[in-house]
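Please look over the sequence and the structure shown here before reading the briefing that follows. The points after it are grouped by topic.

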Amino acid sequence: NLYSYPLYQNRALFKRGVSFISYTAGDRGNDAVWEISDGKFYLVEITGLFQIQPPGTKIKITEDAIPATLYSVFGPVRDRIPATWYTGNLLIKERDDFKASEDLKHIVVPVKKGICEDRSIVSDKEFDKLYWANVRY
């Protein structure tokens, strides 16, 4: 499970007025599938609803909502998009209902402009500290 939100660092999307529609508090309005391949970070799939609204205007849900896909959000693309806009830590939390929390492996992958660096495995305490330092709403 990815506990980072790389899409929200893509300033070009928001300058164009792309606003994802969320229906509940804490909902980011989209689901994204990400991939690390050959040391690079990619956006593979995106789903949800979005609208184009001038930056700085209040978001209001209208019938003009557009289903989010790689093509509808980013334009003509082949199969995945290099996430070159993203710099930060990918926080990946192992989930296993049958392991005690101290036995879970939490992974941190530093990324600079879409290039992944060496990952590290951290404790629950270290993971939580990194998460709360990086969370943005």
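A residue counts as buried when its relative accessible area is under 20%, as exposed when that area is over 50%, and as partly exposed in between, with a 1.4 Å probe and protein chains only. This is a predicted model, in which local features need pLDDT of at least 70 and side-chain atom pairs count only at pLDDT 80 or more, while totals for chains, interfaces and linings use all residues. Residues are numbered from 1 along each chain as its sequence is written, and side-chain values use heavy atoms, with hydrogens and water left out. Helices (H or I, at least four residues) and strands (E, at least two) are DSSP runs that are numbered from the N terminus.

**Strand 7 and its partners**

- Strand 7, which covers residues 106-112, is mostly covered, since 5 of its 7 residues are buried.
- Two strands are said to pair if DSSP finds at least two bridges between them, and strand 7 is joined in this way to strand 6 (residues 88-93) by 6 bridges, with the two strands running antiparallel.
- Within that pairing, V108 in strand 7 stands opposite L91.
- Strand 8 (residues 115-116) pairs with strand 7 in the antiparallel sense over 2 bridges, and I115 in strand 8 is the bridge partner of K112.
- Strand 7 and strand 8 form a hairpin that has 2 residues between them, and K113 lies in its turn.

**Two residues with positive phi**

- Most residues other than glycine have a negative phi.
- K113, in the loop between strand 7 and strand 8, has a positive phi near 50° although this residue is not a glycine.
- Is K113 buried or exposed? With a relative accessibility of 62%, K113 counts as exposed.
- D38 likewise is not a glycine and has a positive phi of about 50°; D38 lies in the loop between strand 2 (30-37) and strand 3 (40-52).
- The relative accessible area of D38 is 77%, so D38 is exposed.

**The segment before helix 1**

- L2 is found in the segment before helix 1 (11-15), and at 31% relative accessibility L2 counts as partly exposed.
- Although L2 and W34 are 32 residues apart in sequence, their C-alpha atoms are 8.8 Å apart in space.
- Contact means heavy atoms within 4.5 Å, and, not counting residues up to four places away in sequence, L2 touches W34, L90, L91 and I92.
- N10 is also found in the segment before helix 1, but N10 counts as buried, at 6% relative accessibility.
- A polar contact is a pair of N or O atoms within 3.5 Å; within protein, one must be able to donate a hydrogen and the other to accept it, and residues adjacent in sequence count only if both atoms are side-chain atoms.
- A polar atom of the side chain of N10 lies 3.2 Å from the backbone nitrogen of A12.
- N10 touches F74 and W85, again not counting residues up to four places away in sequence.

**Aromatic rings**

- Rings of Phe, Tyr and Trp (its six-membered ring) pair if their centres lie within 6.5 Å, and planes under 30 degrees apart count as stacked, those over 60 as edge-to-face and the rest as tilted.
- A search of the whole structure finds 5 aromatic pairs.
- One of the pairs is F20 with F50, whose ring centres are 6.2 Å apart and whose planes are at 55°, so the pair is tilted.
- This pair links distant parts of the chain, with F20 in strand 1 (residues 18-20) and F50 in strand 3, 30 residues apart, and both F20 and F50 are buried.
- F41 and Y86 form a tilted aromatic pair, with 5.8 Å centre to centre and 55° between the planes.
- F41 counts as buried at 2% relative accessibility, and Y86 counts as buried at 4%.
- Ring pairs link W34, F41, F74, W85 and Y86 into a cluster.
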